[in-house]
Amino acid sequence: GIHDIGQMAFYEMPNLRKVVLADSVVEIRNYAFKNCTSLTDINLENVMFIREGAFFGCSGLKDLTFLSGVVIEDWAFSYTDIIP
């Protein structure tokens with residue numbers, strides 16, 4: 001299965017609203033969803049690593065649930081309402 005969402009994979013896709021990740025995804029790489037301003041729904045239930053700037057500028061994100069022990073790097077949620 002897919003292990004990660006690659007660096008800048010969905011960079012600046014302003015119309016992206018919802019993402020359903022496979023259960024095998026454990027890592028969101030650097031700036032993968034940067035400036036996806038309409039993104040409001042993503043499941044991070046199995047994600048163990050959220051890399052630098054992964055959701056930077058995703059201003060539509062309001063509420064997320066994280067695994068206990070998840071590694072969240074700098075600026076992962078900058079310019080969002082998420083406080084990990």
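**Figure 1. Phenylalanine 49 in strand β5.** Phenylalanine 49 is part of strand β5, which covers residues 49-50. This predicted model gives phenylalanine 49 a relative accessibility of 31%, and the residue therefore counts as partly exposed. With residues up to four places away in sequence left out, phenylalanine 49 touches Val26, Glu27, Ile28, Val70 and Val71. Phenylalanine 49 and serine 59 are 10 residues apart in sequence, and their C-alpha atoms are 20 Å apart in space.

**Figure 2. Isoleucine 28 and the largest nonpolar core.** The largest nonpolar core of the model has 23 residues. Ile28, Phe33 and Phe55 are the residues with the most contacts inside this core. In soluble globular proteins, nonpolar side chains tend to be buried together. Not counting residues up to four places away in sequence, isoleucine 28 touches Ile5, Leu21, Phe33, Leu44, Val47, Phe49, Ile50, Arg51, Ala54 and Phe55.

**Figure 3. Isoleucine 2 in the segment before β1.** Isoleucine 2 lies ahead of the strand β1, in the segment that precedes it. Is this residue buried or exposed? Its relative accessible area is 52%, so isoleucine 2 is exposed. Once neighbours within four places in sequence are set aside, isoleucine 2 is in contact with Ser24 and Val25. Isoleucine 2 and valine 26 are separated by 24 residues in sequence and by 8.7 Å in space, C-alpha to C-alpha.

**Figure 4. Glutamate 12 in the loop between β1 and β2.** Glutamate 12 is placed in the loop that joins β1 (4-5) to β2 (18-19). The phi angle of glutamate 12 is near 50°, a positive value in a residue other than glycine. With a relative accessible area of 43%, glutamate 12 is partly exposed.

**Figure 5. Tyrosine 79 in the segment after β6.** Tyrosine 79 is found in the segment that follows β6 (71-72). For tyrosine 79, too, phi is positive although the residue is not glycine, with a value near 65°. The relative accessibility of tyrosine 79 is 64%, and the residue therefore counts as exposed.

**Figure 6. The protein chain as the setting of the close-up views.** The protein chain has 0 helices and 6 strands, and from the N terminus on its elements run β-β-β-β-β-β. The radius of gyration of the chain is 11 Å, close to the 12 Å that the globule rule gives for 84 residues, so the chain is as compact as a globular protein of that length. Taken along the principal axes, the box filled by the C-alpha atoms is roughly 25 × 25 × 20 Å. Of the 84 residues, 38% count as buried. Among contacts between residues at least 6 apart in sequence, 14% join residues at least 24 apart.

**Figure 7. Surface and charged side chains of the protein chain.** The accessible surface of the protein chain comes to about 4,800 Å². Carbon and sulfur atoms account for 50% of this surface. How many positive and negative side chains does the chain have? There are 6 positive and 11 negative side chains, and the centres of the two sets lie 6 Å apart.

Conventions:
Residues numbered from 1 in each chain as written. Predicted model: local features only at pLDDT ≥ 70, side-chain atom pairs only at ≥ 80, totals over all residues. Heavy atoms only, no water. Core = buried A, V, L, I, M, F, W, Y, C linked by side-chain atoms within 4.5 Å. Buried < 20%, exposed > 50% of the residue type's maximum accessible area, 1.4 Å probe, protein only. Contact = heavy atoms within 4.5 Å. Helix = DSSP H or I, 4+ residues; strand = E, 2+ residues; numbered from the N terminus. Rg over C-alpha atoms; globule rule 2.2 N^0.38 Å. Areas by Shrake-Rupley, 256 points an atom, 1.4 Å probe, with all protein chains shown as cover. Lys, Arg positive; Asp, Glu negative; His and termini not counted. Charge placed at Lys NZ, Arg CZ, Asp CG, Glu CD.
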